Amino acid sequence: MVQAAVDLIPDSADDAYREFVAISVGERHYVIDIHSVREIRGWTAVTPVPDSPPAIVGIINLRGEIVQIVDVRLCFGDPPITPDGSNVVVIVAVGGQLIGLLVDAVSDILSVPSDAAQEMPAFDGGAGQRTVPEVINHEDRLLGIIDLEKLVDAESLFNTAGLATDAPVPVEDDSGILPLAQIALVQDSFANVVPIADQAAALFYEKLFELDPSVRPLFKGDMVEQGKKLMAALGVVVSNLKQPEKIIDTIQEMGRRHGEYGVKDEHYDTVGEALLWTLEQGLGSAFTPETRAAWGAAYGIVADTMKSAG
Ligand code: HEM
């Protein structure tokens, strides 16, 4: 669903009042100066950009202009949005270019007296101070005014080098092995596990052997090395979820070897349980129910492929 572009700026701007678009981001509410807002759109699939900062969920082609879509929740340190038809993209003009802000909802258009805005109390550091420098008291609610320049001031958010605006943007759809939103959840969360891979692997085997001590004798080699191999294999799978045809042979081969190690079909459930538990330990609150479901689905596909070859 794409809403038509709307003319949000009143013709006769009155200096005594400031106009804002009110948005909700997770549980919180903010406002954006209406003069920056170009368009409010329903969520539509985006084209992911490899190696982009996590807050950039992808790009869209907006009437010939490439627009980066930023997950505002991530800018505020919250878990990412799993976008669906209820989410909204607010297209804003910042620093001479258009940026799409993926938010949970647009709740209101406000007109408030200019003197209602107050400076946010100063405190040391913190994204809140930088990106929300002012606050308004509106109908007994305090709403932070987002400074868009600061929200997206990371150079990398603006860096569109390599994105030729006249090149056709490849269309990605949900016809793959997993919906794109789930792939994104798995890939983004795995990126946060990579820095703690060794600890995660150690935790994983500890949990696995606790859940099923009978599999311990199947492992003959050094468990630190084994942990590295496991994490490397997961990395290969995770990074190829959008092109599984490239790794299907590798996964089947691995499945055949696992049969030779004495691995039985029922072991895959226990390994899956240990894996999800480990991810939960490593990712904490970022391991949302959606992320868990996405990992469960991805693991299930790999396990089924290995089992049928084993
Ligand atoms: C998605 C599922 C799994 C992945 C990605 C995975 C990954 C790996 C990798 C990369 C190795 C290194 C050797 C090789 O590549 O053959 C390995 C070895 C092994 N895996 Fe898995 N594995 C999975 C499931 C399982 C399950 C369900 C079991 C059952 C307990 C298991 C038990 C073993 C054993 C016993 C070895 C050999 C260790 C040794 O020789 O000391 N794996 N696994």
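**Helix packing, sheets and ligand shell in a predicted model**

The axes of helix 6 and helix 9 cross at roughly 135° and come within 9 Å of each other. Here, helices (H or I, at least four residues) and strands (E, at least two) are DSSP runs, numbered from the N terminus; axes are lines fitted to C-alpha atoms, for helices over the stretch in contact, and angles run from 0 to 180 degrees between N-to-C directions. The structure is a predicted model, in which local features need pLDDT of at least 70 and side-chain atom pairs count only at pLDDT 80 or more, while totals for chains, interfaces and linings use all residues. Residues are numbered from 1 along each chain as its sequence is written.

Helix 6 and helix 9 are therefore oblique to each other, given that angles under 35 degrees count as roughly parallel, over 145 as roughly antiparallel, 65 to 115 as roughly perpendicular and the rest as oblique. Helix 6 passes helix 9 in a right-handed crossing; a crossing is left-handed if the near helix is turned anticlockwise from the far one by less than a right angle, and right-handed if clockwise. On the helix 6 side, Ala200, Leu203, Phe204, Lys207, Leu208 and Leu211 take part, and they meet Thr270, Val271, Glu273, Ala274, Leu275, Trp277, Thr278, Gln281 and Gly282 of helix 9. Two residues are in contact if their C-beta atoms, placed from the backbone, lie within 7 Å. This contact comprises 9 nonpolar, 4 polar and 2 charged residues, where Ala, Val, Leu, Ile, Met, Phe, Trp, Tyr, Cys and Pro count as nonpolar, Asp, Glu, Lys and Arg as charged, and the others, Gly among them, as polar.

Helix 6 (residues 197–211) also packs on helix 7, with axes 9 Å apart and an angle of about 110°. These two helices are therefore roughly perpendicular to each other. From helix 6, Ala197, Asp198, Ala200, Ala201, Ala202 and Tyr205 meet Met223, Gly227, Lys228, Leu230 and Met231 of helix 7. The classes in this contact are 8 nonpolar, 1 polar and 2 charged residues.

A further pair is formed by helix 8 and helix 10, whose axes lie 7 Å apart at an angle of about 60°. Helix 8 and helix 10 are therefore oblique to each other, and helix 8 passes helix 10 in a right-handed crossing. Helix 8 brings Ile248, Ile251, Gln252, Met254, Gly255, Arg256 and His258 to the contact, and helix 10 brings Val302, Thr305, Met306, Lys307 and Ala309. Sorted by class, the residues of this contact are 6 nonpolar, 4 polar and 2 charged.

Helix 7 (223–239), helix 8 (248–260), helix 9 (267–283) and helix 10 (289–309) each supply at least two residues of the shell, and the largest share, 5 residues, comes from helix 7. Among the 21 residues around the ligand, Leu218, Gly221, Ala233, His267 and Val271 come nearest; a residue is near a molecule or strand if its C-beta atom, placed from the backbone, lies within 6 Å of it. The shell holds 14 nonpolar, 4 polar and 3 charged residues.

Turning to the strands, an open sheet of 6 strands with mixed pairing runs in the order 8-1-2-11-10-9; two strands pair if DSSP finds at least two bridges between them. Strand 8 (105–113) and strand 9 (117–119) are the edge strands, each pairing on one side only. Direction ignored, neighbouring strands of this sheet are turned by 35° against each other on average. Strand 9 pairs with strand 10 (residues 134–138) in the antiparallel sense over 3 bridges, and Glu134 in strand 10 is the bridge partner of Glu119. Strand 10 and strand 11 (residues 141–145) are likewise antiparallel, over 5 bridges, with His138 opposite Arg141 in strand 11. Strand 10 and strand 11 form a hairpin with 2 residues between them, and Glu139 in the turn has a positive phi of about 45°.

An open sheet of 5 strands, again with mixed pairing, has the order 3-6-7-5-4. Strand 3 (37–42) and strand 4 (56–62) stand at its edges with a single partner strand each, so one side of each is left without a neighbour in the sheet. The twist averages 30° from one strand to the next. Strand 5 (residues 65–71) and strand 7 (residues 97–103) pair in the parallel sense over 4 bridges, and the bridge partner of Gln68 in strand 7 is Ile99.
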